[in-house]
Amino acid sequence: MRASRLVSLLLLLQARQPRTAAELAARLEVSPRTVYRDIEALSAAGIPVYGEPGHDGGYRLVDGYRTQLTGLTRQEAEALFLTGLPAAASGLGLGPVAANTERKLLAALPAELRSHADRVRERFHLDAASWYHDTEATPQLPTVSDAAWQQRRVRIRYQRWAVPREVARTVEPHGVVLKAGHWYLVARHSGKFRTYRVARIVEAAMLDETFVRAEGFDLGRYWSEYLDDFDARRHRGEAVLRVSPEGMRLLPQLAEPAVARSAAGGVVEADGWTRVVVPVEQPDQAVHDLLRLGPLAEVVAPQELRDRMAETLTKMLQGYTG
């Protein structure tokens with residue numbers, strides 16, 4: 001157990017330096033006292049690790065020291081190849097680099113592990129794009145991702161839904177996110193974090209000006225909170241529906257997750273249909289979304305939405321019978 005922790009401690013120091021005892025303790029889920037003892041053990045084993053005092057101090061390795069990639073288990077080697085994102089790497093301009101890295105890693109693995117890694121590549125493939133949609137053109141992606149990596153401001157021209165349709169902004173890129181085949185830039189502008197769809201960035205020019213990343217910014221946490229806020233902002237109303245048994249079965253495929261989750265708490269009525277209350281967007285979008293259910297659901301309330309559905313269905317019927 002301790003040997004595994006010592007290896008983890010060494011790899012943490014090798015990945016980024018300096019690191020404080022408190023930070024290392026949090027990452028390893030041990031006490032700072034245990035970190036002190038482990039640092040002493042590494043030093044006694046000949047690992048050139050030392051501590052720097054001061055506000056920006058911490059533990060670090062002697063410059064240039066690197067441990068070798070050894071001790072991989074079979075499962076760890078397989079996991080490395082399951083993390084490959086060829087399409088994502090290509091979009092970032094790193095396709096050849098990723099392929100070259102994979103070749104080097106394969107060459108460094110023992111024969112048995114190399115065989116298992118090859119088997120993973122033959123049997124698993126990740127396609128991050130959503131169904132029924134072509135991959136978006138994102139010519140500005142390498143620029144904005146490079147700016148995020150180098151912590152340099154970038155000047156963008158961006159097309160949005162609101163008026164004015166096109167805006168020019170200087171932003172501070174903190175990261176990029178790939179969501180269902182679409183790339184998004186998370187950047188700070190005028191002190192606030194905003195999310196930009198990379199396909200709508202018309203122009204991007206990386207500036208010479210650098211910036212300091214927001215202290216404690218966590219891209220994964222920001223994205224999760226952004227999605228929650230996005231759902232809360234667009235789902236500003238509710239609708240009461242009656243859904244047939246077949247509709248309830250198909251609801252996870254025909255409606256978005258928030259609707260399916262809400263419908264799970266519905267009440268089954270005497271005729272077998274289920275009365276549910278689900279979140280909806282503004283009426284035009286709600287009509288579009290609910291039409292996917294066809295005859296499998298009936299809008300009960302609000303009356304405005306029920307009338308809009310009836311009006312839309314009447315026009316559709318006229319188109320087929322007129």
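Which helix holds S145? Select residues 141-150 and you have it: S145 sits in helix α8. Keep in mind as you look around that this is a predicted model.

Stay on S145 for a moment. Is this residue buried or exposed? S145 is buried, since its relative accessible area is 15% and the cut-off for buried is under 20%. Now show the backbone around the serine. Its side chain reaches the backbone oxygen of L141 at 2.9 Å, and the backbone oxygen of P142 at 3.1 Å.

Next, colour the chain by confidence. The mean pLDDT is 82, with 76% of the residues at 70 or more. Select residues 152-159 to see strand β3, where confidence is highest at a mean of 96. Then jump to residues 74-82: helix α4 has the lowest confidence, at a mean of 60.

Time for the largest pocket, which has a volume of about 1,900 Å³. To find its centre, select Y184, R197, F230, D231 and R234, the closest to that point among the 49 lining residues. Several elements give two or more residues to the lining, including β4 (166-179), β5 (182-189) and α10 (245-254). Which element gives the most? That's α9, with 8 residues. If you colour the lining by residue type, you'll get 26 nonpolar, 7 polar and 16 charged residues.

The model has 8 aromatic pairs in total. One of them is Y222 with Y226: a stacked pair, 6.2 Å centre to centre with 15° between the planes. Why are these two about one helical turn apart? Because they lie 4 residues apart in helix α9. Y222 is buried, at 15% relative accessible area, while Y226 counts as partly exposed at 22%.

Carry on along the helix from Y226 to F230. These two rings are stacked as well, 6.3 Å centre to centre with 25° between the planes. Y226 and F230 are also separated by about one helical turn, because they are 4 residues apart in α9. F230, at 35% relative accessibility, counts as partly exposed.

For the last stop, select Y184, F193, F217, Y222, W223, Y226 and F230 together: ring pairs link them into a cluster.

Note on methods: Residues are numbered from 1 along each chain as its sequence is written. This is a predicted model: local features need pLDDT of at least 70, side-chain atom pairs count only at pLDDT 80 or more; totals for chains, interfaces and linings use all residues. Side-chain values use heavy atoms; hydrogens and water are left out. pLDDT is the predictor's confidence in each residue, from 0 to 100. On a 1 Å grid over the protein atoms alone, a cavity is a set of points where a 1.4 Å probe fits but cannot get out, and a pocket is an open set with protein on both sides within 12 Å along at least five of seven lines; lining residues have an atom within 4 Å of a point. Grid points are joined across faces, edges and corners, and a volume is the space filled by probe spheres set on the points. Ala, Val, Leu, Ile, Met, Phe, Trp, Tyr, Cys and Pro count as nonpolar, Asp, Glu, Lys and Arg as charged, and the others, Gly among them, as polar. Buried means under 20% relative accessible area, exposed over 50%, partly exposed in between (1.4 Å probe, protein chains only). A polar contact is a pair of N or O atoms within 3.5 Å; within protein, one must be able to donate a hydrogen and the other to accept it, and residues adjacent in sequence count only if both atoms are side-chain atoms. Rings of Phe, Tyr and Trp (its six-membered ring) pair if their centres lie within 6.5 Å; planes under 30 degrees apart count as stacked, over 60 as edge-to-face and the rest as tilted.
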